[in-house]
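Please open the model in your viewer and keep the sequence panel beside it. The tour below goes from one selection to the next and says what is found at each stop.

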Amino acid sequence: MGQVIDSFKSSLVIVRDNPVILGVAFVSGLLGLGSLLSDSSKAFSFTSTILYTIPFFVGPFFGGGLLGMVVEATEKPTKLSTFIESGKRNYVSLLKAVALFFAILLCLIIGTGIIVGLPAGIVLILLPKGAPLFKLIFLLFIATIAIVVFLIAIMLIQFYDIGIVVHHYRAWEAFRKSFAFARPRLLSVFYYSLLKGSIGLLFAIPIIAILVYSALQIWAEAGLRGLAEAPIFMSMSMPSIALFLLLETILSAILTTFHGVFYLRSQSDKSPSQ
């Protein structure tokens with residue numbers, strides 16, 4: 001746990017001393033905001049399609065560039081040219097890896113559903129009809145197992161991107177190497193994932209509050225139909241959008257830096273189980 005905390009503290013220092021990381025994270029968030037501002041009632045229009053696909057194709061460039069800057073910032077002040085160079089060098093591999101990641105997510109969801117859901121369904125059918133409370137408890141237990149299995153799988157393959165940037169792994173190889181990296185460091189990776197998720201949740205609270213407030217404004221003015229048709233972000237005031245982007249920028253910069261610093265420090269640690 002000490003290594004995880006030290007990595008997080010170092011990440012904060014790196015972000016503070018390298019504001020260019022915040023600048024790149026801001027531009028990345030600005031590009032992603034376009035899909036949120038698109039009109040949901042015209043989801044299949046040409047403009048909306050472009051706005052929705054931009055993050056998928058541009059994201060690997062920004063992700064690779066940011067991680068490249070983080071790697072450099074662990075040794076010396078980073079610069080914008082590093083972002084461009086690392087983004088270009090790792091773009092193709094990261095694009096393939098992102099596509100593979102979504103495919104793996106889909107397989108995990110389907111596989112977990114089959115492995116856990118099928119026996120659960122059989123047990124529920126065999127149970128007597130007069131045991132609703134027991135059935136509910138059993139379903140909650142099965143759902144918990146499914147979620148835990150899913151999260152553990154994600155925890156083990158989450159370092160594919162930094163592996164590509166640091167070691168230039170190929171897309172599929174990056175997932176195998178991420179598993180090999182995380183398995184002997186399972187406790188540290190768990191603490192890292194827990195802290196990372198807690199930070200994300202902390203930042204998500206005000207972000208969700210902004211979205212809920214905007215949704216309530218639409219509902220008050222146009223009712224449920226307006227809420228279904230109008231993009232929430234289009235009804236947000238400029239201060240709300242600015243606050244949203246600020247929180248998103250800080251979160252992205254901190255978590256990306258934390259991701260890279262933890263990986264690099266863990267690799268140099270001679271006691272991976274600590």
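A residue is called buried when its relative accessible area is under 20%, exposed when it is over 50%, and partly exposed in between (1.4 Å probe, protein chains only). This is a predicted model, in which local features need pLDDT of at least 70 and side-chain atom pairs count only at pLDDT 80 or more, while totals for chains, interfaces and linings use all residues. Residues are numbered from 1 along each chain as its sequence is written, and side-chain values use heavy atoms, with hydrogens and water left out.

Of the 274 residues in the chain, 39% are buried.

Next, select Thr256, which is found in helix 9. Threonine 256 counts as buried because its relative accessibility is 18%. If residues up to four places away in sequence are set aside, Thr256 touches Leu66, Leu67 and Val70, a contact being heavy atoms within 4.5 Å.

Now show Phe101, Phe159, Tyr160, Phe175, Ile199, Phe258 and Phe262, the residues with the most contacts inside the largest nonpolar core, which has 42 residues. A nonpolar core is a set of buried Ala, Val, Leu, Ile, Met, Phe, Trp, Tyr and Cys residues joined through side-chain atoms within 4.5 Å. Among the elements that give two or more residues to this core are helix 1 (2-17), helix 4 (80-126) and helix 8 (186-229), but helix 9 gives the most, with 10 residues. Centre on Ile199 and, again leaving out residues up to four places away in sequence, you will find that Ile199 touches Phe8, Leu251 and Leu255. Apart from this core lies another, of 13 residues, including Ala25, Phe62, Leu66 and Ala253.

Move on to helix 5, whose buried residues include Phe138, Ile142, Ala146 and Ala153. To see the contact itself, display Met155, Leu156 and Ile157 of helix 5 together with Phe175, Ser178, Phe179 and Ala182 of helix 7.

Key:
Helices (H or I, at least four residues) and strands (E, at least two) are DSSP runs, numbered from the N terminus.
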